[in-house]
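Thanks, everyone. Let's go through this one quickly, from the whole chain down to a single residue.

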Amino acid sequence: RCVQETGLEAKGQLKLDWGTLKNNRDAYIERLQDIYKNNIIKDKIEVVKGICKFLNNKTVECNGEEFISDHILIATGSKPRRLKIPGEEHCISSDGFFALEQQPQSILIIGGGYIGIEISCMLNALGTETFLSTRDKGILKKFDKESTSFLLKSMIGHGIKYLPYTEVKKVTKQPDGRLKVQIDGIPGKNEMVVDCVLYGIGRIPETEDLCLQNTDIKVEKGRIIVDEDHNTNIKGVYSIGDACQFLQLTPTAIRAGRILSERLFNGQAQLKMVYDTIPTVIFAHPPYGNIGLSEECAKEKFGENNVKVYKSEFVHMFNQLEKDEAERAKNKVLVKVIVNLADKERVVGVHCVGQGVDELIQGFGVAVKMGATKADFDRCVAIHPTVSEELVLLTPQYLSLIHI
């Protein structure tokens, strides 16, 4: 559609070969795994494959062999939280999604977190009829409410069928292989039929097989409790990643592991992992990038009178030639900067929803980590035409600047 608005001809319709996509993706993942395996071999690290169990605070058993060490790191990751309803065996988790041999023509996705949002947007963009079910109204509960509402509106505009206040009760496999879903909360309807049901209702730590009950390690709901340096309550035992209570993101776990290694074995005792300003992106359609506090958290932390919000909504430049107002409306961008008035308008949160924001948030993440103020943003000359320029054009306070 966008191609046609530029005057170019687009003959025929794009088609997806799911098998080719899956095979190429699987090959890419395998290449990545081989790179990690080769790096382990080069570093002369001994790999023992098996299920490890703690015998006591300092002894781990694997395949009948006991290991005793001054330093033990628990980094076992997490696994999908189960749905626990009749017919769960007919559904798939995010793990099962990557094993799909064919593209489903219709799918019901349960859960409004990272996984549910990203997969629903991807399949919808590829042409699958996509239903998204959440128990409450809204998505991404821990993020900025205005930003997530903006994202949800765009998702619905692009074709996702949103089912708030719904709960799946039972899934039955029909003779033709399709799935009948008993679902509460849809007015005048209590069942639907789809090709696939995927649940993304959170993840739980992969710690239940470690026999932590044989130790004094503090655990809450399967999650290992650590301090800011990733120490457990047992000296010499540490945990990073999804197994502990901090933010569950792959780059976060990688950074935490590197810092822990430097601190333990390279004399860098001053290094610490800081979790309060970590940039992240929900790879939806459109993506949502953010760093720092939501508007709600900022007001709770600093007081409502000490928080100011600068924001702008606009149609993305890519869609400016579009004449259909409905099409223009669903391709809007939101940029939002949250500042602490009590600290010289220091920027405490940046939230962006729209095409291309996944690439810009990293740079603004550096600025926020360095303690940038709104005046610092205003001093930067805009790059036109870009989405990122809006972040330095949000009601510039030129009169308060000494240098521009």
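Buried residues make up 42% of the 404 residues in the protein chain; buried means under 20% relative accessible area, with a 1.4 Å probe and protein chains only. This is a predicted model: local features need pLDDT of at least 70, side-chain atom pairs count only at pLDDT 80 or more, and totals for chains, interfaces and linings use all residues. Numbering starts from 1 along each chain as its sequence is written, and side-chain values use heavy atoms, without hydrogens and water.

Next, contacts, meaning heavy atoms within 4.5 Å. Of those with a separation of 6 or more in the protein chain, 59% join residues 24 or more positions apart.

Secondary structure: 10 helices and 21 strands. These are DSSP runs, H or I of at least four residues for helices, E of at least two for strands, numbered from the N terminus.

Pairing takes at least two DSSP bridges between two strands. β10, residues 179-186, pairs with β11 over 5 bridges. Across that pairing, V181 stands opposite M192 in β11.

Last, S93. Where is S93 found? In the loop between β5 (78-80) and α3 (94-97). Why does S93 count as buried? Because its relative accessibility is 11%. Beyond neighbours within four places in sequence, S93 contacts P80, L198 and Y199.

Methods: Buried means under 20% relative accessible area, exposed over 50%, partly exposed in between (1.4 Å probe, protein chains only).
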